[in-house]
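Subject: Structure for your review

Dear colleague,

Please find the structure below, followed by my notes on its side-chain contacts. I would be glad if you could read the two side by side.

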Amino acid sequence: MTLGHVRSVNVSRAKAATFKGPRSTTGIDKRSVLSAVAVTRNGLHGDEQADLLHHGGHDQAVYAYAAEDHDWWAAQLGCLRPDGAFGENLTTVGFDVNAAVIGECWRIGDTLLQVTSPRIPCRMFAGWMGEDHWTKRFAHAARPGAYLRVVEEGSISANDEIHLVDRPAESLTLAEAINAYYGDWELLPRLLAAPALATRWRDMAMERRQSGKLQRLPDRKPDDEHQ
């Protein structure tokens, strides 16, 4: 089944941040490349993350964000940012990335990718966007995009089709996973039951279940911004 296609492939080297944030270096400023890009278990060739504690690694080797969600944000913010502006490696078109379920697999070119988790907005992302209370706005929108692990290495090019190879029947969508993280107690067991869930996400969900406390969806007040 063909879901859509890759509109652009975007990479960046870690470099000095030109905006206010919690770190002095960042790899968020992704730029589109025209040629095919090799994809390994660690991500795309030529791409770097400055904060390896919260970004990158096998569970978050590739980040995909939909062109349709860029368009939605353009209407909200009054400006359209270029592909890669949300730090995504793959800008997709033609389907709802946020409706992807944890554990589903995409064949792109000769690369096989598996959806592992949604994105939680951070202060570096907020500084890069330069928008008031960005972490709260991004969380409330429930348009997180998809982190993916690399199951089979290969290469990806712009205009490659995205084929759905497998979709677990009982898994949560990425939008539902965000709701589970931000306080939907009923969704938490289903989140934990997803075998392909990223390790960091599983640890957070286990901690919440054991403590009996869930992270609440942040309100839109200017104080107490999420990380």
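R31 has a relative accessible area of 52% and is therefore exposed, where exposed stands for over 50% relative accessible area, buried for under 20% and partly exposed for the range in between, with a 1.4 Å probe and protein chains only. Please bear in mind that this is a predicted model, in which local features need pLDDT of at least 70 and side-chain atom pairs count only at pLDDT 80 or more, while totals for chains, interfaces and linings use all residues. Residues are numbered from 1 along each chain as its sequence is written, and side-chain values use heavy atoms, with hydrogens and water left out.

Salt bridges

R31 forms a salt bridge with D29, and the closest N and O atoms of the two are 2.9 Å apart; the term requires a side-chain nitrogen of Lys or Arg within 4 Å of a carboxyl oxygen of Asp or Glu. D29 also forms a salt bridge with K15, here with the closest N and O atoms 3.4 Å apart. This second pair links distant parts of the chain, since D29 sits in the loop between β3 (25-26) and β4 (31-33) whereas K15 belongs to strand β2 (residues 15-16), 14 residues apart; helices (H or I, at least four residues) and strands (E, at least two) are DSSP runs, numbered from the N terminus. D29 counts as buried because its relative accessibility is 13%, while K15, at 41%, counts as partly exposed.

Elsewhere, E104 and R167 meet through their side chains in a salt bridge of 2.8 Å, N to O. E104 lies in the loop between β8 and β9 (105-108) and R167 in the loop between β13 (161-166) and α4 (174-181), so this pair ties together parts that are 63 residues apart in sequence. E104 counts as buried, at 0% relative accessibility, and R167 is partly exposed, with a relative accessible area of 40%. Salt bridges with shared partners also join K15, D29 and R31 into one network, and a search of the whole structure finds 12 salt bridges.

Aromatic pairs

The search of the whole structure also finds 16 aromatic pairs, meaning rings of Phe, Tyr and Trp (its six-membered ring) whose centres lie within 6.5 Å, with planes under 30 degrees apart counted as stacked, over 60 as edge-to-face and the rest as tilted. In one of these, the ring centres of Y63 and Y147 are 4.9 Å apart and the planes stand at 40 degrees, so the pair is tilted. Y63 lies in strand β7 (residues 62-66) and Y147 in strand β11 (residues 146-152), so the pair ties together parts that are 84 residues apart in sequence. Both Y63 and Y147 are buried.

F86 and F125 form an edge-to-face pair, at 5.5 Å centre to centre and with 75 degrees between the planes. F86 is in the loop between α1 (67-77) and β8 (90-93) and F125 in helix α2 (residues 123-129), 39 residues apart, and their pair links these distant parts of the chain. F86 counts as buried at 2% relative accessibility, as does F125 at 0%. Ring pairs link Y63, Y65, W72, W73, F86, F125, W134, F138 and Y147 into a cluster.

With kind regards
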